Amino acid sequence: MLQGKKTFLRPLEPDDIPIYHKWYNDQNVNYWANAAWPLSTMLSEEDIEERFFTPNKDCGRYIILNEEQEPIGTIGYREVNIPARSAVLFIIIGERDYWSRGYGTDALKVLINYLFYQWNFHRLSLDLWDGNLRALKAYEKLGFKVEGRLREARFVLGEYHDAILMGLLRDEYVQHHPPHPPETV
Ligand SMILES: CC(C)(COP(=O)(O)OP(=O)(O)OC[C@H]1O[C@@H](n2cnc3c(N)ncnc32)[C@H](O)[C@@H]1OP(=O)(O)O)[C@@H](O)C(=O)NCCC(=O)NCCS
C-alpha cells in the first residue's frame, strides 16, 4: 500500500467490482472523466470485470482510499513505453463528495512519486477534454504542462471539444517534490 497525506493507494481486488460498477455507471462522473470512446456508462458487472479486472502488464490500476481507508476512486497508468520510460496516467474520484478537496492531487502525487522514484519513469502524460477545468487545475498544480490540443477530438453532450494533452518530465518534478521515505502509520 502506498501512502500520501490524505490518500492511500492499494491494488484492485475482485471485491472492488461492485464499486467500480457504481463509479463507471455514474453519468456525472463519466461526463467529466471520459468524453472519449469507448463509453463506459451502462456497463454490467461482467463488462467491468472483463475490461478492468483482467491482468494486463502494460497497465497498473489501483484503488484510492481516504483517511478512513474507504474507497473513493481509482487511478493508474497505461501505455507503458519501456525504451522511452513513459506512461499515460488516468484518475477518477468516483465519490463526488470528494471532488475539489485535494484528494485527486494527493493520489496523483503518490502515484507520480512511485513511478518516478521507484520505477524510474522519465515522462508521464495524461489528457482531458477542454471543459474539465477542475482536472486541468489539479494537473497544473503538480507541474503538468499543456503540450498540445487535439482539435474537436471529443464529443460531449452534442458538441465537439478539444482534447488537451499534458506532460510531466521527471527532472521538472523532482525540483519541487524531492523523494522522501514513506511515513510510518
Ligand atoms: C479531476 C479530479 C481527479 C481532480 O481531483 P480533485 O480532488 O477534485 O482535485 P483537487 O481538489 O486536488 O484540485 C482541483 C482544483 O481545481 C479547482 N477547481 C474546481 N472546480 C473548478 C472550476 N470549475 N474551474 C477552475 N478550477 C476549479 C479547485 O478549487 C482545486 O484548486 P485549489 O486546490 O487551488 O483550490 C477529480 O475531480 C475527478 O476525478 N473528477 C471526476 C472525473 C475526472 O474528471 N477525471 C479526470 C479525467 S481527465
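This note sets out numbered points on the predicted model shown above.

1. Basis of the values. The model is predicted, so local features are reported at pLDDT of at least 70 and side-chain atom pairs at pLDDT 80 or more, while totals for chains, interfaces and linings use all residues. Residues are numbered from 1 along each chain as its sequence is written, and side-chain values use heavy atoms, with hydrogens and water left out.

2. Nonpolar core. The largest nonpolar core holds 49 residues, of which Tyr20, Ile75, Leu89, Ile112, Tyr139 and Phe144 touch the most other members. Such a core is a set of buried Ala, Val, Leu, Ile, Met, Phe, Trp, Tyr and Cys residues joined through side-chain atoms within 4.5 Å. Buried denotes under 20% relative accessible area, exposed over 50%, and partly exposed the range in between (1.4 Å probe, protein chains only). In soluble globular proteins, nonpolar side chains tend to be buried together.

3. Contact here means heavy atoms within 4.5 Å.

4. Helix H4. H4 comprises 16 residues and spans 22 Å from its first C-alpha to its last, close to the 22 Å expected at 1.5 Å a residue; the expected span is 1.5 Å times one less than the number of residues. Helices (H or I, at least four residues) and strands (E, at least two) are DSSP runs, numbered from the N terminus. H4 is mostly covered, with 13 of its 16 residues buried. Asn120, which follows H4, has a positive phi near 60°.

5. Ligand surroundings. The ligand is surrounded by 23 residues, and the closest are Ile93, Ser100, Gly104, Thr105 and Lys141; a residue qualifies if one of its heavy atoms lies within 4 Å. An N or O atom in the side chain of Asn132 lies 2.8 Å from a ligand oxygen. A polar backbone atom of Gly104 is 2.7 Å from an oxygen of the ligand, and a backbone N or O atom of Arg101 is 3.2 Å from a ligand oxygen. The protein covers 75% of the 950 Å² of accessible area that the ligand has on its own, as computed by the Shrake-Rupley method with a 1.4 Å probe.

6. Positive phi in loops. Most residues other than glycine have a negative phi. Gln69, in the loop between strand E3 (60–65) and strand E4 (71–81), has a positive phi near 65°. Its relative accessibility is 38%, so Gln69 counts as partly exposed. Leu157, in the loop between strand E7 (145–156) and strand E8 (159–169), has a positive phi of about 45°. Leu157 is exposed because its relative accessible area is 74%.

7. His177. Apart from neighbours within four places in sequence, His177 contacts Lys109, Tyr117 and Leu142.

8. Met42. Met42 occupies the loop between helix H2 (27–33) and helix H3 (45–52) and is exposed at 75% relative accessibility. Beyond its neighbours within four places in sequence, Met42 is in contact with Asn25 and Asp47. Met42 and Ile82 are 40 residues apart in sequence and 34 Å apart in space, C-alpha to C-alpha.

Note on methods: Polar contact = N/O pair within 3.5 Å; in protein donor to acceptor, adjacent residues only side chain to side chain.
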